[in-house]
Each structure stands twice: as C-alpha cells, then as structure tokens.
Amino acid sequence: MSPQLQEDIGKVAERFGTGECIVVVGISDCELCEVYAQTVTQGDPSEVGALSGVSLGLPVYHFFDPEIKRFCDAAIWKERFDAAESDPETSGDVTECVCVVAGIRRQYSLFDF
C-alpha cells in the first residue's frame, strides 16, 4: 500500500474515528489483499508507510465479500460485477481473496459494521 494511501486512511480514521470507518479492498491479488488488510488493522507490515506501527483495527472487507454485496443494488451488481465475480479464470482468486481478508478482519479488526 502506497505511503500516500496510508496517510490518507490515517487522516480519515483520525477525522471520523476508527469505529466509523471501514476499508474495502478491490484487488484480486491475494498477497496484496493480505498486505492491505494487515496495514489497516495491525499497521504497515513493511514498516515504511504512515501506518507503520499504527494499529487502527479497522474492519476490512473484500469488494466481493457477501457482507459488502448485500448493500448493493442487485440489478446494478448483476450488470456491472456478475461477470467478474463468476469468471472461471479469476473466481478462485476472488474467493481466496475474500477468505484472506475476512480472516484478518476476524482476527485483528476492533470494530464491525
């Protein structure tokens, strides 16, 4: 996660409070999902960004997590995201990313929505 993005997330969490924020990750690379989820919960694991050593405990979700999907209009979801979610070439990666992020959230997030 870029240092600028870490700084922006830190400012938003400070302004609104960590209990009022969630982070939604939308990438399909499981390793990056893990790093992003760790960064917003436990602090930057690379120890170079603004969130190095800062444990925000933010709830983090993958975009395709059913908890996020339930807040979206079903027709819009079907039109815009159904193909990406069910694409045989990426659906396994997406499912794994959802699981990775959910595991980190359950273990390290201090809040839930």
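Me: How many disulfides does the structure hold?
Reply: Zero disulfides. Keep in mind that this is a predicted model.

Me: Is Cys30 buried or exposed?
Reply: Cys30 is buried, at a relative accessible area of 13%.

Me: And Cys97, buried or exposed?
Reply: Buried too: Cys97 has 0% relative accessibility. The cut-off for buried is under 20%.

Me: What share of the residues in the protein is buried?
Reply: Of the 113 residues, 34% are buried.

Me: Switching to the fold. How many helices and strands are there?
Reply: Six helices and two strands.

Me: In what order do the elements run from the N terminus?
Reply: The order is α-β-α-β-α-α-α-α.

Me: What radius of gyration does the protein have?
Reply: 14 Å. A compact globule with 113 residues would come out near 13 Å, so the value agrees.

Me: What does the C-alpha trace span along its principal axes?
Reply: About 40 × 25 × 25 Å.

Me: What about contacts: what share joins residues at least 24 apart?
Reply: 69%, counted among contacts between residues at least 6 apart in sequence.

Me: Last topic, charges. How many are positive and how many negative?
Reply: The protein has 8 positive and 20 negative charges.

How values were computed
Residues are numbered from 1 along each chain as its sequence is written. This is a predicted model: local features need pLDDT of at least 70, side-chain atom pairs count only at pLDDT 80 or more; totals for chains, interfaces and linings use all residues. Side-chain values use heavy atoms; hydrogens and water are left out. A disulfide is a pair of cysteine sulfur atoms within 2.5 Å. Buried means under 20% relative accessible area, exposed over 50%, partly exposed in between (1.4 Å probe, protein chains only). Helices (H or I, at least four residues) and strands (E, at least two) are DSSP runs, numbered from the N terminus. The radius of gyration is taken over C-alpha atoms; the globule rule is 2.2 Å times the number of residues to the power 0.38. Contact means heavy atoms within 4.5 Å. Lys and Arg count as positive and Asp and Glu as negative; His and the chain ends are not counted. The place of a charge is taken as NZ of Lys, CZ of Arg, CG of Asp or CD of Glu.
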